[in-house]
Protein chains: 2
Amino acid sequence: MSEHTEDPQLAEFRASIDNIDAALVHLLAERFKITKAVGRYKANSDLPPSDPGREEQQISRLRDLADDSGLDPAFTEKFIRFVVAEVIQHHQRIAEGDSF
Amino acid sequence: MSEHTEDPQLAEFRASIDNIDAALVHLLAERFKITKAVGRYKANSDLPPSDPGREEQQISRLRDLADDSGLDPAFTEKFIRFVVAEVIQHHQRIAEGDSF
């Protein structure tokens, strides 16, 4: 258990963080469902697993959205590259015939 | 521009991914607003920036949520550690008097 859970202000902040994290996990679950479908589609259509032009478009758009919403664009870029790296691993596994 | 935007099935997948990414960015913006408030609160209360007990609780809970929602728990742990590392950097900057 955490050493600071008795502090009511900190507990309130943490309850909000936990709610947001649950939403993030569920959205990421949906995102990977779609990207796995994309991976299968690309493998069946003989399209390459990665598409650098698409990634640069995504990064540029999300940096703008981050700016508008008060999130650090540099962090946002690191975040989307982190997610896309995982997606490319999935696509490579799908292309190699791993159904996982 | 992406080389594959003319494929209607791929374009439909990508529109859903873009919607989810916009939601992720906005949720992350809210999450960092709260963690910056936590950072200020900890600095004013002389609490340490990081709390390993809290982090382990978060990871364990999010791995369970990931399991329930079909997301890879190992990826989920990497994701939350990635976000928490950014938060700790913010808290250290706040503790050092950087208002950013």
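## The nonpolar core

The largest nonpolar core has 22 residues, and those that touch the most other members are A:Val25, A:Leu28, A:Leu71, B:Val25, B:Leu28 and B:Leu71. At least two residues of this core come from each of α1, α2 and α3 of chain A and from each of α1, α2 and α3 of chain B. The model described here is a predicted one.

In soluble globular proteins, nonpolar side chains tend to be buried together. What does A:Val25 touch, leaving aside residues up to four places away in sequence? A:Val25 touches B:Leu62, B:Leu65, B:Ala66, B:Ser69, B:Leu71 and B:Thr76.

## The fold of chain A

Chain A has three helices and zero strands. Along the sequence the pattern reads α-α-α. Is chain A a compact globule or more spread out? The globule rule gives 13 Å for 100 residues, and the radius of gyration of chain A is 18 Å, well over that value, so chain A is more spread out than a compact globule.

The box filled by the C-alpha atoms of chain A is roughly 55 × 30 × 15 Å along the principal axes. Of the 100 residues in chain A, 23% are buried. Among contacts in chain A with a separation of 6 or more, 50% are between residues 24 or more positions apart.

## How the two chains meet

In the contact between the chains, 46 residues of chain B meet 46 residues of chain A. On the side of chain B that touches chain A, the elements giving two or more residues are α1 (8-44), α2 (52-69) and α3 (73-95) of chain B. Which element gives the largest share of that side? The helix α1(B) does, with 24 residues. By type, the residues on this side of chain B are 26 nonpolar, 12 polar and eight charged.

## Helix α3 of chain B

How far apart should the ends of α3(B) be? The helix α3(B) has 23 residues, and at 1.5 Å a residue these should span 33 Å. The end C-alpha atoms of α3(B) are 32 Å apart, which agrees.

The buried residues in α3(B) are B:Thr76, B:Phe79, B:Ile80, B:Val83, B:Val87, B:His90, B:His91 and B:Ile94. Their cover includes α1 of chain A, and also α1 and α2 of chain B. B:Thr76, buried in α3(B), is one of the residues that A:Val25 touches. Just after α3(B) comes B:Gly97, with a positive phi of about 95°.

In chain A, the loop between α1 (8-44) and α2 (52-69) holds A:Asp46. This residue is not a glycine, yet A:Asp46 has a positive phi of about 55°.

In chain B, B:Asp46 lies in the loop between α1 and α2. B:Asp46 has a positive phi of about 55°, although it is not a glycine. With 7 other C-beta atoms within 10 Å, B:Asp46 is exposed.

A:Pro48 also has its place in the loop between α1 and α2 of chain A. A:Pro48 has 11 C-beta neighbours inside 10 Å, so it counts as exposed. From A:Pro48 to A:His91 there are 43 residues in sequence, and the distance in space is 8.9 Å, C-alpha to C-alpha.

## A residue in α2 of chain B

B:Asp64 belongs to helix α2 of chain B. Its 13 C-beta neighbours inside 10 Å make B:Asp64 count as partly exposed. B:Asp64 and B:Tyr41 are 23 residues apart in sequence, and their C-alpha atoms are 29 Å apart in space.

Technical notes: Residues are numbered from 1 along each chain as its sequence is written. Chains are lettered from A and ligands numbered from 1 in the order in which they are written. This is a predicted model: local features need pLDDT of at least 70, side-chain atom pairs count only at pLDDT 80 or more; totals for chains, interfaces and linings use all residues. Two residues are in contact if their C-beta atoms, placed from the backbone, lie within 7 Å. Helices (H or I, at least four residues) and strands (E, at least two) are DSSP runs, numbered from the N terminus. Ala, Val, Leu, Ile, Met, Phe, Trp, Tyr, Cys and Pro count as nonpolar, Asp, Glu, Lys and Arg as charged, and the others, Gly among them, as polar. A residue is buried if 20 or more other C-beta atoms lie within 10 Å of its own, exposed if 12 or fewer, and partly exposed in between; C-beta atoms are placed from the backbone. The expected span of a helix is 1.5 Å times one less than its number of residues. The radius of gyration is taken over C-alpha atoms; the globule rule is 2.2 Å times the number of residues to the power 0.38. A nonpolar core is a set of buried Ala, Val, Leu, Ile, Met, Phe, Trp, Tyr and Cys residues joined through C-beta atoms within 7 Å.
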